Amino acid sequence: MGRVVCHLQSGVGRQPPILFAGIRTLFGGLIVLCIALFRNKKAYLRKYFPTYFISAVFNVFFFFGLQTVGLSYLPAGLFSVLIYLEPVLVGIVAWLWLGEPMSLQKVIGLVLGFLGVAAISAHSLTQHLSAIGIIIGIATAAFWTIGTVYSKKAQERVDMMWLLAIQFLIGGVLITALGSMSESWSAIHVTTTFVLATLFGGFFGITLSWMIWFHLVHAGEATRIAAMTFFVPLISVLTSVIFLHESLNIWLLVGLVLIVLGIYLTNRQQKQGRLPQNSLPITPPIR
């Protein structure tokens, strides 16, 4: 994720990053809004505004905002490692909050997936470390975790498409407001690259990817779906190898094996019958 964002931002040159994040988020929100209006379902904005606002704060403002800022303090690879603590944290939070089952097999799978992300980003782990950047990276993962689990819970009472549309519009406004206070609009250079990057980021990075993400989270266990995100940095690196001719190294292969094994263990269905000895209680100790 961090690597993808880094390449995207480098493609727009020296544009103000927070304002750019706000603009593409608003654009993505407008696309989803059109889809939500076309579906002719009610948003019940007054009734569920707190739900929309909370989702916007965690899934958009904190996640996108901190990610944009954090990449200025750490290499994209290292920042990706910190962000992809999220599936591990989702496993814990979904167990405690949603009552999703947890087992030793799932724990091992999540840890292996995280180690796989660390392996493919190994080249950046020895670069300059920033304490502020590390804190921002961990905070980004934590806020993304809360947003993911909260969204799954919220989809029990609100329409998914309206939740997406409104959270991106609210979050986009908040990020743009933050950018307006810390950056200058005059620093934006409206070039062909900037427009294409905004359109690409708004449609694929916001609209399409989050529609798929919310649908999957709503349809299955948050832990199992979150584990699938381990593929994102792997695909990003493989794409760089193919299209940017970056070198293929042993750490990429190690990461590939660990990620595939981790996702397999996390999503592998255990046999029905007696409770496996390595299972944790299905009902979490804290509700």
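Predicted model: local features only at pLDDT ≥ 70, side-chain atom pairs only at ≥ 80, totals over all residues.

Mentor: Start with L169, which lies in helix α8.

Trainee: Which residues is L169 in contact with, leaving aside its neighbours within four places in sequence?

Mentor: L169 is in contact with L26, G29, L30 and L33.

Trainee: And how far is the C-alpha atom of L169 from that of A56?

Mentor: Those two C-alpha atoms are separated by 8.2 Å, although L169 and A56 are 113 residues apart along the chain.

Trainee: What about T176, buried or exposed?

Mentor: T176, also found in helix α8, has a relative accessibility of 11%. It counts as buried because the cut-off is under 20%.

Trainee: Next, Q167. Where is it found?

Mentor: Q167 is found in helix α8. Its relative accessibility is 0%, so Q167 counts as buried.

Trainee: Which side chain does the side chain of Q167 make a polar contact with?

Mentor: That of S55, at 2.5 Å. Beyond four places in sequence, Q167 touches Y52, S55, A56, N59, V60, W210 and F214.

Trainee: W210 is in that list. What else is W210 in contact with, again leaving aside neighbours within four places?

Mentor: Besides Q167, W210 is in contact with N59, F63, F64, W144, L164, F168 and G205.

Trainee: Changing topic: how many residues are in the largest nonpolar core?

Mentor: There are 59 residues, and Y52, F64, W210, W213 and F230 touch the most other members. Helix α8, residues 160-182, gives the largest share of this core, with 10 residues.

Trainee: What lies apart from it?

Mentor: Another core, of five residues, including L19, I188, F194 and A197.

Trainee: Now the surface. Which residues form the nonpolar patch there?

Mentor: The patch is formed by L238, L248, I250, W251, L253, V254, L256 and V260. Together they have about 700 Å² of accessible area.

Trainee: Which helix gives the largest share of the nonpolar patch?

Mentor: Helix α12, residues 250-267, with six residues.

Terms used. Residues numbered from 1 in each chain as written. Heavy atoms only, no water. Core = buried A, V, L, I, M, F, W, Y, C linked by side-chain atoms within 4.5 Å. Buried < 20%, exposed > 50% of the residue type's maximum accessible area, 1.4 Å probe, protein only. Helix = DSSP H or I, 4+ residues; strand = E, 2+ residues; numbered from the N terminus. Contact = heavy atoms within 4.5 Å. Patch = residues over 30% accessible without salt bridge, like charges linked within 9 Å, V, L, I, M, F, W, Y side chains within 5 Å. Areas by Shrake-Rupley, 256 points an atom, 1.4 Å probe, with all protein chains shown as cover. Salt bridge = Lys/Arg side-chain N within 4 Å of Asp/Glu carboxyl O. Polar contact = N/O pair within 3.5 Å; in protein donor to acceptor, adjacent residues only side chain to side chain.
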